[in-house]
Amino acid sequence: MLKTNNLCKVYTTEEVETTALNNVNIEVTAGEFVAVMGPSGCGKSTLLNLLGLLDQPTSGEQYFNSLEVSRYSERQRANLRKANIGFVFQSFNLIDELTVFENVELPLLYLGLSSGERKKRVNEAMEQMEITHRRNHFPQQLSGGQQQRVAVARAVVTRPKLILADEPTGNLDSAHGDEVMNLLTDLNKANTTIVMVTHSVHYAGYCHRIVNLLDGHIVTENVREVIGV
């Protein structure tokens, strides 16, 4: 599903040039659950942004479902992204002025679906995440764990082939963190491919494979015995 060849990302200002990723080669097959780990500033979020078509590499090749996408325009990336990729963030990124239902519905508005189809999909996603009873609540009325459930529902409502999660448990206590990891595990068992950035060795243990980054390079890759959940 995902493949890169000598992928590089360099950020340039008037005063300094910073290499965030340097000749990264990674492949993620459909149905995998992959953790990306490494110290702060090693390039984890940059890699996730590139894999999620949120940014364009400086050089190298990048493939999504066999399409070479490294030189796609922003519009081309957006069209591919909105139909195929769901995102889960550490800070939830919910809109405070929208209800749970409206937050989950938001990605579907960009797909041009009918109101009936949107309602059907939102209800399915909320039921899957066990938040239907919170449909008319606003984000500030929810616990951190509930907010992340809403964020996961928003990520899956488009029925994406790929979910990219950037520290999805970072703002949660251990109990709510385990809940979110169980949700992601269930989605993966239903054949959703997941790539997750995490600092937690414990949560990386839920994944099939761990990719370790250091100074913009992949230094090790380890296949894991997955934690039973």
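Which residues line the largest cavity? Select Leu2, Lys3, Thr4, Leu51, Leu53, Gln62, Tyr63 and Phe64 and you have the lining. Strand E1 (2-12) and strand E5 (59-64) are the elements that give two or more residues to it. (Strands are DSSP runs of E, at least two residues; helices are runs of H or I, at least four; both are numbered from the N terminus.)

Before you click on, note that this is a predicted model, where local features need pLDDT of at least 70, side-chain atom pairs count only at pLDDT 80 or more, and totals for chains, interfaces and linings use all residues. Residues are numbered from 1 along each chain as its sequence is written, and side-chain values use heavy atoms, with hydrogens and water left out.

**Still at the cavity**

The largest cavity holds about 30 Å³ of space. On a 1 Å grid over the protein atoms alone, a cavity is a set of points where a 1.4 Å probe fits but cannot get out; a pocket is an open set with protein on both sides within 12 Å along at least five of seven lines; lining residues have an atom within 4 Å of a point. Colour the cavity lining by class and you get 5 nonpolar, 2 polar and 1 charged. (Ala, Val, Leu, Ile, Met, Phe, Trp, Tyr, Cys and Pro count as nonpolar, Asp, Glu, Lys and Arg as charged, the others, Gly among them, as polar.)

**Next: the largest pocket**

Now select Ile85, Phe87, Pro107, Tyr110 and Arg154, the closest to the pocket's centre of the 15 residues that line it. About 450 Å³ of space lies here. Helix H2 (74-84), strand E7 (85-89), helix H3 (100-109) and helix H5 (144-156) each supply at least two lining residues, and E7 gives the largest share, 4 residues.

**Stay on phenylalanine 87**

(Rings of Phe, Tyr and Trp, its six-membered ring, pair if their centres lie within 6.5 Å; planes under 30 degrees apart are stacked, over 60 edge-to-face, the rest tilted.) Phenylalanine 87 is buried at 16% relative accessible area, while phenylalanine 89, at 25%, is partly exposed. (Buried is under 20%, exposed over 50%, partly exposed in between, with a 1.4 Å probe and protein chains only.)

**Last stop: two tyrosines**

Jump to tyrosine 203 and tyrosine 206, a tilted pair at 6.1 Å centre to centre and 40° between the planes. Both tyrosine 203 and tyrosine 206 are buried.

Definitions and conventions
Grid points are joined across faces, edges and corners, and a volume is the space filled by probe spheres set on the points.
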